[in-house]
Amino acid sequence: GNETAGEGGREIVAGTASGFPPFEMVQEGELVGFDIDLLEAVVDETEYELTGWEDLEFDSLQPALQNGNIDVIAAAMTITEERQESVAFSDPYYSADQSVLVAEDAEFQPEELADLEDREIGAQSGTTGETVVNEDLIDEGLIGDDQYTSFDNYVLAVEDLERGLIDAVVLDEPVGETFQADRAVEVAFVFETGEEYAFAVRQDDGDLQTALSDGIAAVEEASDLEEITREWFGE
Ligand code: GLN
């Protein structure tokens, strides 16, 4: 029993994977971003107490959740059927599609996935962008296994793109737009996937799942979500 967090609540630790601007990134040594502000505002609406953040690789978040090192994932994580087999999601808090990034001023200007045929492609390990590469490019025979590079994070993928080591990166559209603003890369095209981001908890943590969904609704109601969106997306 934890006395400070109140009835039904307890202390929790959040996990994220920085390098995914503007949702989570490290600035001047500090973990900041949309997900950081949102989860903190959401937990403030509950009886739980958020005591800290673990910044891990995206691929390590689910294992860390299962073994109890963290209690909630806040990492622009898309609700998928496959993930629902191992985690429980809150209500969604953000909608996104996928995009394809190329180097700024590149000669290569793909307009659709088919144009990526025989190119060198990158994505971040364990993401829905990687699923697109596997299912729509490799399985379709557009590129070979060896033409795909799986990176630990998207910053490394963007660096290789800037250096011309790969031809394109597949990633969530809002993050593609942010890299376009900050790095020598540009969004070549966007394609609809209708993804919904949510917080993930362990399947036996139904109380926390419900509390987070209620917290999201409360933050929306108070217009705090609008304010956080304005802060990180400037709209
Ligand atoms: N939304 C994507 C996914 O869930 C990417 C998330 C991320 O890279 N942080 O796979």
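Which residues surround the ligand?

1. The ligand is surrounded by Phe20, Phe58, Ala75, Ala76, Met77, Thr78, Arg83, Gln124, Thr127, Thr128, Asp172 and Tyr197, where a residue counts if one of its heavy atoms lies within 4 Å. Please keep in mind that this is a predicted model, in which local features need pLDDT of at least 70, side-chain atom pairs count only at pLDDT 80 or more, and totals for chains, interfaces and linings use all residues. Residues are numbered from 1 along each chain as its sequence is written, and side-chain values use heavy atoms, with hydrogens and water left out.

2. By residue class, this shell holds 6 nonpolar, 4 polar and 2 charged residues.

3. Now the polar contacts (pairs of N or O atoms within 3.5 Å). A nitrogen atom of the ligand lies 2.6 Å from a polar side-chain atom of Asp172, and a backbone N or O atom of Ala76 lies 2.8 Å from a ligand nitrogen atom. At Thr78, a polar backbone atom is 2.8 Å from an oxygen atom of the ligand. The protein buries 100% of the 300 Å² that the ligand exposes when taken alone (Shrake-Rupley method, 1.4 Å probe).

4. On the domains: the chain is divided into domain 1 (11-93 + 198-233) and domain 2 (96-195), with C-alpha centres 25 Å apart. Contact (heavy atoms within 4.5 Å) involves 13 residues of domain 1 and 14 residues of domain 2. Each domain gives at least three residues to the shell around the ligand.

Terms used:
A polar contact is a pair of N or O atoms within 3.5 Å; within protein, one must be able to donate a hydrogen and the other to accept it, and residues adjacent in sequence count only if both atoms are side-chain atoms. Ala, Val, Leu, Ile, Met, Phe, Trp, Tyr, Cys and Pro count as nonpolar, Asp, Glu, Lys and Arg as charged, and the others, Gly among them, as polar. Domain bounds come from an automatic or database domain assignment.
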